[in-house]
Amino acid sequence: MYEDFINIRICKIYIYYRPLNYTINFMISFEDISDSKKYVVANLLNVLSPIILYPIITSNLDPSIYGNYLMFVSIAMIGIGLVNMGCLLGFRRDYFKYYGTDNFKDYIISVQIFILLIYVVFFIISLLFDNLIFQSLTKIQNETNFWSLLVITLLLDFFNKYFLTYLVNAKKSKIYLYVYGIKSLSNIVITIFLFSLNFEILSIIYSLLFTNIFILIISLIYQFKFYRNFKFRFQLVFETLKISYPMTFRILFGKVNGEFDKILIANIISPAATAIYYIGQSIAYFVFLFLNSLDKVFITGLNNHLFKKKKLNIKTYLTPFFFLVVLSTIFVILFHDIILYFLINKKYLGSEYVILFFSIHYCFLFFGKISGTQFIFLKKTWTLNNIFILNVFLNISLTILLAIKFGIAGAAFATLISGLISTYIAYKLANKSLKIDFEFKKILILLFFLFIVFLISLYLMNSSFDVIDIRVIVIKICMLLLFIYCGFFIKLIDKNSILNFFK
């Protein structure tokens, strides 16, 4: 909701014979399972890339330097969210509007050209005020063109999302996987190489810059292969802007909502605290990336259903997706301490509560994504904007209060509380105009299990047990297996579907 698997019963296919007619009844197609696997693998690569680099980053960079860098990233992301004008969401929606029409080719390229021009203007402004911005905000030694270098890196990264969104909508999951594989591998190799040459913090920025340039080249080659003869048509872009422009404030508030905590922590606590906070948030971010990999199937399916291109039983269609999101959340909550123990330098420890609170927060964004899709389909983007304003107000207010009193754990808890309140309000308002039913009994069972795991994790964190105590690890594995069995018991998964997923 705040941005920017499959139904695992699927594989039970019931075929009823009728003369010259076969009716196949299932929630999600086998194609969706195949796509989901690729998206999950792609997002796993996206998660593993920074995790693999954490030992190198945390060993070579002081937390204050890394935290200062993260503060600048947060500021830049707010600016980029503003100039993007919500077009990525509009692009994802209107793809289906123009697909199969004579305007499709012109639309795909026209939107990207328009966004690229906007980004060029933003970069020129950033370049002109580079030293002023850096010297006004930095808490570390000056670096030549640090701000503009960071901005162009993040602009390219965001621009490449249009190509990735195109691949998702076109159901080209294999190419999507290849692109993410190239991105993750090149980022790891280049970062390690640059750190070995003592580029320090610039190792991260240069690596992302070179990687995003490479992805951009792949994007241009691929698209112009199929859309060579196109005509730039601003009218098509304008139609998307009419939907997406009201989302500008939503995106802006969303970025502020998502980045404000790191900026605040850097200034009221310390840049080092921001680095520790970010490490915890990024480990929990695995849940959000996993959710995003599923969203590429279930939100696309929901859009298809709303546009009547594919009729689905939405009530039973969505629950298995939520089961898998909760499964990923439980995995992170149970095993995050092992990641911290083996991969993170001791200078960066102290983010355990941040991981727990953010994992649950990202889990509940499942419902936010659905209600956000409802609002966008209904063209009630101003309602969504108002919910975001409320969320930003709650998050900033609670973050200031709780971060001052409880530090980075308080900031993470503030995000969780404000997110739960906003998600509930969005759900109630969206369902007044476009009702989407959920299997609430099954969802409550899953959430109850999540709550139990959360309490167990809290107990272990505050006990004297060693992280690698074999008894503790066995208990965690048993809890994870018990939850999977729960999925079998309430008929969200079965043996055939799991076997099909791993084929």
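Let me begin with a term: a residue is called buried when its relative accessible area is under 20%. The structure before you is a predicted model.

By that cut-off, helix α3 is mostly covered, since ten of its twelve residues are buried. The buried set comprises C87, L88, G90, F91, R92, R93, D94, Y95, F96 and Y98. What lies over them? The cover includes α4, α6, α9, α11 and α13. Just beyond the helix, G100 adopts a positive phi of about 85°.

I turn next to the surface. A nonpolar patch is formed there by L116, V120, V121, I124, I125, L128, F129 and L132, with about 750 Å² of accessible area together. Which helix gives the most to this patch? Helix α4, residues 104-128, does so, with six residues. In general, an α-helix has 3.6 residues a turn, so residues three or four places apart point the same way. F129 sits in the loop between α4 and α5. Because its relative accessible area is 41%, F129 is classed as partly exposed.

Finally, consider Y424, which belongs to helix α15, residues 408-433. Is Y424 buried or exposed? Y424 counts as exposed, because its relative accessibility is 53% and the cut-off for exposed is over 50%. Y424 and F364 are separated by 60 residues in sequence, while their C-alpha atoms are 9.7 Å apart in space.

Note on methods: Residues are numbered from 1 along each chain as its sequence is written. This is a predicted model: local features need pLDDT of at least 70, side-chain atom pairs count only at pLDDT 80 or more; totals for chains, interfaces and linings use all residues. Side-chain values use heavy atoms; hydrogens and water are left out. Patches are made of residues with over 30% relative accessible area and no salt bridge: like charges are joined within 9 Å, nonpolar side chains (Val, Leu, Ile, Met, Phe, Trp, Tyr) within 5 Å. Accessible areas come from the Shrake-Rupley method with a 1.4 Å probe; for residues, only the protein chains shown count as cover. A salt bridge is a side-chain nitrogen of Lys or Arg within 4 Å of a carboxyl oxygen of Asp or Glu. Helices (H or I, at least four residues) and strands (E, at least two) are DSSP runs, numbered from the N terminus. Buried means under 20% relative accessible area, exposed over 50%, partly exposed in between (1.4 Å probe, protein chains only). Contact means heavy atoms within 4.5 Å.
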